[in-house]
Amino acid sequence: MELEQVVVDVASALVAVDSCGVPFKQFRNGVGPYGEPQLLGAVARHLRTLPFYGESVKTKRTPDLLIPDHWALEFKIARPFGDNGREAEDWSVNMLHPYAGNVSLLGDCLKLQQLNGAERKAAIVVGYEHTPPRISLSPLLRAFEVVAERVMDIELGPRVQVMCAGLCHPVHQQFVVAGWEVMRPAAKDSLGEIRPDR
């Protein structure tokens with residue numbers, strides 16, 4: 001199973017949550033206000049209804065979502081605006097804080113590189129925008145790639161992305177699901193030369 005299919009299936013899960021008419025806590029209807037644990041629980045339930053995934057999909061502490069023998073996935077939500085329509089403060093920090101041991105997506109990439117198991121690893125962002133965007137997520141996604149690859153030496157696969165408009169929430173009107181495979185770090189020999197990790 002390729003990451004492209006996983007991203008498409010995650011997007012279909014978000015559409016299903018958005019159309020169910022069940023609000024998250026006291027917020028307005030729509031998938032946009034859901035917290036990360038609640039959203040991932042709904043995504044996992046949806047994936048289990050699809051023939052390829054079956055009952056094996058599970059949410060965990062690390063990784064956030066496990067598709068056994070296929071993918072270990074870490075997720076982050078990016079919301080430039082709150083349910084009230086006001087611009088959120090520090091909304092991009094949970095993607096770009098460039099240190100090990102923190103809860104940013106960059107920190108998650110480092111965790112994924114150290115994670116044992118046969119599964120391929122990937123980092124996924126679920127981001128919400130107005131239609132058209134009042135604050136575009138495109139610069140944030142590009143900034144994540146630049147910091148990961150040029151500052152932190154994290155090798156990412158090409159970005160896989162799905163966008164969906166027409167959501168029911170008046171602020172979170174469309175979403176983008178973007179994913180990157182996180183490659184295993186290259187090993188170095190005793191002279192500091194990089195050699196392929198086996």
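Colleague: Which residues of H4 are buried?
Modeller: In this predicted model, helices (H or I, at least four residues) and strands (E, at least two) are DSSP runs, numbered from the N terminus. Buried means under 20% relative accessible area, exposed means over 50%, and partly exposed is in between, using a 1.4 Å probe and protein chains only. In H4, the buried residues are Leu 105, Leu 106, Gly 107, Asp 108, Cys 109, Leu 112 and Gln 113.

Colleague: Thanks! Which pLDDT cut-offs apply here?
Modeller: Residues are numbered from 1 along each chain as its sequence is written, and side-chain values use heavy atoms, with hydrogens and water left out. As the model is predicted, totals for chains, interfaces and linings use all residues, whereas local features need pLDDT of at least 70 and side-chain atom pairs count only at pLDDT 80 or more.

Colleague: Back to H4: which elements do its buried residues pack against?
Modeller: Helix H4 covers residues 105-114, and seven of its 10 residues are buried, so the helix is largely enclosed by the rest of the structure. The partners of those buried residues are E3, H3, E4, H5 and E6.

Colleague: Which residue caps the N-terminal end of H4?
Modeller: Look for a side-chain oxygen 3.3 Å from the backbone nitrogen of Leu 106. A polar contact is a pair of N or O atoms within 3.5 Å; within protein, one must be able to donate a hydrogen and the other to accept it, and residues adjacent in sequence count only if both atoms are side-chain atoms. The oxygen that caps H4 belongs to Ser 104.

Colleague: Is Leu 96 buried or exposed, or something in between?
Modeller: Leu 96 is found in helix H3. Contact means heavy atoms within 4.5 Å; beyond its neighbours within four places in sequence, Leu 96 is in contact with Ser 104, Leu 106, Leu 140, Ala 143 and Phe 144. Because its relative accessible area is 24%, Leu 96 is partly exposed.

Colleague: I would like to look at Gln 174 next. Is Gln 174 buried or exposed?
Modeller: Gln 174 sits in strand E6, which runs over residues 174-182. Because its relative accessibility is 6%, Gln 174 counts as buried.

Colleague: What is the omega of the peptide bond from Thr 131 to Pro 132?
Modeller: Most residues other than glycine have a negative phi, and most peptide bonds are trans. Pro 132 lies in the loop between strand E4 (120-129) and helix H5 (138-151). The bond from Thr 131 to Pro 132 is cis, as is the one from Thr 62 to Pro 63, with omega near -5°. For Thr 131 to Pro 132, omega is near -10°.

Colleague: And what is the phi of Asp 153?
Modeller: Asp 153 is in the loop between H5 and strand E5 (160-165), and counts as exposed because its relative accessible area is 64%. Asp 69, in the loop between E2 and E3, has a positive phi of about 70° although it is not a glycine. Asp 153, also a residue other than glycine, has a positive phi near 55°.

Colleague: Which backbone atom does the side chain of Asn 84 reach?
Modeller: Asn 84 is in the loop between strand E3 (71-78) and helix H3 (93-96). Its relative accessibility is 46%, so Asn 84 counts as partly exposed. At 2.9 Å, its side chain reaches the backbone nitrogen of Arg 86.

Colleague: Stepping back, what is the radius of gyration of the protein chain?
Modeller: The chain has five helices and eight strands, and 46% of its 198 residues count as buried. The radius of gyration is taken over C-alpha atoms, and the globule rule is 2.2 Å times the number of residues to the power 0.38. A compact globule of 198 residues would come near 16 Å, which agrees with the value for the protein chain, 17 Å.
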